[in-house]
Amino acid sequence: MVELFEYGADDSTLSKDQIVDFVAEQDSFFEPPLQSRGVVLADYVDKILRQGHVICAVNDENRLVGMIMFYCNDMETRTAFVTWLAVAENARAQGIGSLLISETLEFCKKHGMDYYETCTWKTNEALIAVYQRKFGARILKEKEELGRVTMHLRVDLKNR
Ligand SMILES: CC(C)(COP(=O)(O)OP(=O)(O)OC[C@H]1O[C@@H](n2cnc3c(N)ncnc32)[C@H](O)[C@@H]1OP(=O)(O)O)[C@@H](O)C(=O)NCCC(=O)NCCS
(Lines give C-alpha, C1' and ligand atoms only; values in the text may rest on other atoms or scores of the structure.)
Protein backbone atom coordinates (compact mmCIF):
# COMPACT_ATOMS: atom_id res chain seq x y z
CA MET A 1 0.00 0.00 0.00
CA VAL A 2 1.24 3.47 -0.79
CA GLU A 3 0.02 6.86 0.29
CA LEU A 4 0.27 9.93 -1.93
CA PHE A 5 0.64 13.49 -0.72
CA GLU A 6 1.89 16.82 -1.97
CA TYR A 7 5.23 17.71 -0.44
CA GLY A 8 4.99 20.89 1.62
CA ALA A 9 1.19 20.94 1.68
CA ASP A 10 0.86 19.04 4.95
CA ASP A 11 2.91 18.05 7.99
CA SER A 12 4.93 15.49 6.07
CA THR A 13 7.91 14.11 7.90
CA LEU A 14 9.93 13.97 4.68
CA SER A 15 12.77 16.44 4.47
CA LYS A 16 13.95 18.30 1.40
CA ASP A 17 17.21 16.31 1.60
CA GLN A 18 15.20 13.10 1.22
CA ILE A 19 13.60 14.50 -1.93
CA VAL A 20 16.99 15.47 -3.36
CA ASP A 21 18.46 12.07 -2.38
CA PHE A 22 15.62 10.30 -4.19
CA VAL A 23 16.21 12.36 -7.34
CA ALA A 24 19.92 11.48 -7.12
CA GLU A 25 19.17 7.78 -6.59
CA GLN A 26 16.95 7.68 -9.69
CA ASP A 27 19.13 9.88 -11.89
CA SER A 28 20.95 7.01 -13.59
CA PHE A 29 17.62 5.79 -15.05
CA PHE A 30 17.19 9.05 -16.97
CA GLU A 31 18.56 9.37 -20.50
CA PRO A 32 20.72 11.30 -20.15
CA PRO A 33 21.01 11.69 -16.36
CA LEU A 34 20.34 15.24 -15.20
CA GLN A 35 23.74 15.41 -13.51
CA SER A 36 25.50 14.56 -16.78
CA ARG A 37 23.94 17.76 -18.19
CA GLY A 38 25.46 19.78 -15.38
CA VAL A 39 22.19 20.10 -13.45
CA VAL A 40 22.70 20.62 -9.71
CA LEU A 41 19.98 18.41 -8.25
CA ALA A 42 19.45 20.46 -5.08
CA ASP A 43 18.88 23.60 -7.20
CA TYR A 44 16.60 21.70 -9.57
CA VAL A 45 14.42 20.51 -6.67
CA ASP A 46 14.50 23.95 -5.02
CA LYS A 47 13.18 25.61 -8.16
CA ILE A 48 10.34 23.13 -8.50
CA LEU A 49 9.43 23.49 -4.83
CA ARG A 50 9.28 27.27 -5.26
CA GLN A 51 7.35 27.38 -8.53
CA GLY A 52 5.80 23.97 -8.95
CA HIS A 53 4.55 20.92 -7.10
CA VAL A 54 5.94 17.62 -5.90
CA ILE A 55 3.69 14.64 -5.22
CA CYS A 56 5.28 11.84 -3.23
CA ALA A 57 4.35 8.18 -2.81
CA VAL A 58 5.43 6.61 0.49
CA ASN A 59 5.06 2.99 1.58
CA ASP A 60 3.88 1.65 4.97
CA GLU A 61 7.35 2.23 6.40
CA ASN A 62 7.16 5.88 5.36
CA ARG A 63 9.85 5.35 2.73
CA LEU A 64 9.72 7.43 -0.41
CA VAL A 65 9.07 4.99 -3.28
CA GLY A 66 7.91 7.30 -6.06
CA MET A 67 7.65 10.93 -6.96
CA ILE A 68 6.36 13.25 -9.68
CA MET A 69 7.34 16.91 -10.10
CA PHE A 70 5.48 19.40 -12.24
CA TYR A 71 4.59 22.99 -12.99
CA CYS A 72 0.96 24.00 -12.95
CA ASN A 73 1.09 27.78 -13.13
CA ASP A 74 0.72 28.86 -16.77
CA MET A 75 -2.73 30.38 -16.74
CA GLU A 76 -2.30 31.74 -20.27
CA THR A 77 -1.91 28.40 -22.05
CA ARG A 78 -3.46 26.48 -19.15
CA THR A 79 -0.81 23.84 -19.71
CA ALA A 80 0.80 21.92 -16.87
CA PHE A 81 4.21 20.37 -17.47
CA VAL A 82 5.61 17.30 -15.76
CA THR A 83 9.39 17.55 -15.59
CA TRP A 84 10.28 14.47 -13.55
CA LEU A 85 8.71 11.12 -12.64
CA ALA A 86 10.26 8.01 -11.16
CA VAL A 87 9.45 5.01 -9.00
CA ALA A 88 12.10 3.20 -6.94
CA GLU A 89 13.41 0.21 -8.87
CA ASN A 90 12.14 -2.38 -6.38
CA ALA A 91 8.67 -0.80 -6.32
CA ARG A 92 8.05 -0.67 -10.09
CA ALA A 93 5.33 -2.51 -12.00
CA GLN A 94 2.94 -2.28 -9.02
CA GLY A 95 0.90 0.62 -10.34
CA ILE A 96 2.65 3.39 -8.41
CA GLY A 97 3.74 5.30 -11.52
CA SER A 98 0.20 5.21 -12.90
CA LEU A 99 -1.17 6.34 -9.56
CA LEU A 100 1.19 9.33 -9.51
CA ILE A 101 0.18 10.28 -13.05
CA SER A 102 -3.53 9.93 -12.22
CA GLU A 103 -3.23 12.06 -9.11
CA THR A 104 -1.34 14.74 -11.04
CA LEU A 105 -3.92 14.80 -13.84
CA GLU A 106 -6.64 15.37 -11.23
CA PHE A 107 -4.58 18.03 -9.45
CA CYS A 108 -3.92 19.93 -12.68
CA LYS A 109 -7.54 19.79 -13.76
CA LYS A 110 -8.67 21.01 -10.35
CA HIS A 111 -6.21 23.89 -10.62
CA GLY A 112 -7.68 25.12 -13.89
CA MET A 113 -5.34 23.50 -16.40
CA ASP A 114 -6.63 22.35 -19.81
CA TYR A 115 -3.58 20.30 -20.77
CA TYR A 116 -1.01 18.08 -19.11
CA GLU A 117 2.25 17.73 -20.99
CA THR A 118 5.49 15.85 -20.51
CA CYS A 119 8.57 14.83 -22.43
CA THR A 120 10.45 11.58 -22.42
CA TRP A 121 13.07 9.83 -24.50
CA LYS A 122 11.70 7.77 -27.41
CA THR A 123 13.09 4.47 -26.14
CA ASN A 124 11.02 4.79 -22.96
CA GLU A 125 8.36 2.80 -24.81
CA ALA A 126 6.61 1.35 -21.75
CA LEU A 127 5.93 4.81 -20.33
CA ILE A 128 4.82 6.26 -23.67
CA ALA A 129 2.45 3.30 -24.14
CA VAL A 130 1.00 3.82 -20.65
CA TYR A 131 0.38 7.49 -21.31
CA GLN A 132 -1.36 6.66 -24.57
CA ARG A 133 -3.31 3.61 -23.45
CA LYS A 134 -4.31 4.52 -19.91
CA PHE A 135 -4.45 8.30 -20.08
CA GLY A 136 -5.33 9.03 -23.70
CA ALA A 137 -2.16 11.02 -24.38
CA ARG A 138 -1.21 11.94 -27.89
CA ILE A 139 2.22 12.67 -29.26
CA LEU A 140 2.58 16.40 -29.91
CA LYS A 141 6.03 16.21 -31.44
CA GLU A 142 9.17 14.19 -31.76
CA LYS A 143 12.39 16.10 -31.43
CA GLU A 144 16.10 15.40 -31.66
CA GLU A 145 17.80 16.85 -28.62
CA LEU A 146 21.12 16.24 -26.87
CA GLY A 147 21.84 13.34 -29.21
CA ARG A 148 18.64 11.44 -28.54
CA VAL A 149 15.05 11.60 -29.71
CA THR A 150 12.45 12.92 -27.28
CA MET A 151 8.69 12.55 -27.44
CA HIS A 152 6.49 15.39 -26.29
CA LEU A 153 3.17 14.06 -24.98
CA ARG A 154 -0.09 15.81 -24.16
CA VAL A 155 -3.19 14.76 -22.26
CA ASP A 156 -6.29 16.88 -22.83
CA LEU A 157 -7.86 17.54 -19.43
CA LYS A 158 -10.96 19.26 -20.74
CA ASN A 159 -12.87 16.05 -21.44
CA ARG A 160 -11.76 14.10 -18.41
C1 LIG B 1 8.30 4.93 -15.81
C2 LIG B 1 8.05 4.56 -14.34
C3 LIG B 1 7.84 5.82 -13.52
C4 LIG B 1 6.78 3.68 -14.28
O5 LIG B 1 6.48 3.43 -12.92
P6 LIG B 1 5.76 2.09 -12.43
O7 LIG B 1 5.35 2.27 -11.03
O8 LIG B 1 6.60 0.92 -12.76
O9 LIG B 1 4.49 2.09 -13.40
P10 LIG B 1 3.21 1.18 -13.27
O11 LIG B 1 3.43 0.05 -12.31
O12 LIG B 1 2.05 2.06 -13.07
O13 LIG B 1 3.16 0.52 -14.68
C14 LIG B 1 2.56 1.17 -15.73
C15 LIG B 1 2.65 0.31 -16.96
O16 LIG B 1 4.00 0.24 -17.36
C17 LIG B 1 4.25 -1.02 -17.90
N18 LIG B 1 5.39 -1.56 -17.19
C19 LIG B 1 5.72 -1.38 -15.90
N20 LIG B 1 6.87 -1.98 -15.63
C21 LIG B 1 7.28 -2.55 -16.77
C22 LIG B 1 8.40 -3.30 -17.13
N23 LIG B 1 9.35 -3.63 -16.24
N24 LIG B 1 8.52 -3.71 -18.41
C25 LIG B 1 7.58 -3.41 -19.31
N26 LIG B 1 6.49 -2.70 -19.02
C27 LIG B 1 6.35 -2.27 -17.77
C28 LIG B 1 3.05 -1.85 -17.76
O29 LIG B 1 2.48 -1.90 -19.05
C30 LIG B 1 2.12 -1.08 -16.84
O31 LIG B 1 0.85 -1.08 -17.36
P32 LIG B 1 -0.29 -2.00 -16.71
O33 LIG B 1 -0.63 -1.34 -15.39
O34 LIG B 1 -1.40 -1.95 -17.66
O35 LIG B 1 0.31 -3.36 -16.52
C36 LIG B 1 9.23 3.72 -13.76
O37 LIG B 1 9.47 2.63 -14.60
C38 LIG B 1 10.51 4.51 -13.63
O39 LIG B 1 10.76 5.15 -12.62
N40 LIG B 1 11.40 4.46 -14.66
C41 LIG B 1 12.68 5.16 -14.64
C42 LIG B 1 12.53 6.64 -14.74
C43 LIG B 1 11.67 7.07 -15.89
O44 LIG B 1 11.64 6.48 -16.95
N45 LIG B 1 10.97 8.17 -15.67
C46 LIG B 1 10.16 8.83 -16.65
C47 LIG B 1 11.00 9.86 -17.30
S48 LIG B 1 10.06 10.99 -18.22
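Predicted model: local features only at pLDDT ≥ 70, side-chain atom pairs only at ≥ 80, totals over all residues.

Colleague: Which residue in S3 stands opposite Ala57?

Modeller: Residues are numbered from 1 along each chain as its sequence is written. Strands (DSSP runs of E, at least two residues) and helices (H or I, at least four) are numbered from the N terminus. S2 (residues 53-58) and S3 pair in the antiparallel sense over 6 bridges, pairing being at least two DSSP bridges between two strands, and the residue opposite Ala57 is Gly66.

Colleague: Which residue in S4 stands opposite Met69?

Modeller: S3 also pairs with S4 in the antiparallel sense, over 6 bridges. Opposite Met69 stands Trp84.

Colleague: Is Lys134 buried or exposed?

Modeller: Lys134 lies in helix H4. A residue is buried if 20 or more other C-beta atoms, placed from the backbone, lie within 10 Å of its own, exposed if 12 or fewer, and partly exposed in between. Lys134 has 11 such atoms within 10 Å, so Lys134 is exposed.

Colleague: How many residues of S3 are buried?

Modeller: Strand S3 covers residues 64-71 and is mostly covered. Of its 8 residues, the number buried is 6.

Colleague: How far apart in space are Lys134 and Ser98?

Modeller: Ser98 is among the closest residues to the ligand. Along the sequence, Lys134 and Ser98 are 36 residues apart. In space, C-alpha to C-alpha, the distance is 8.4 Å.

Definitions and conventions. Near = placed C-beta within 6 Å.
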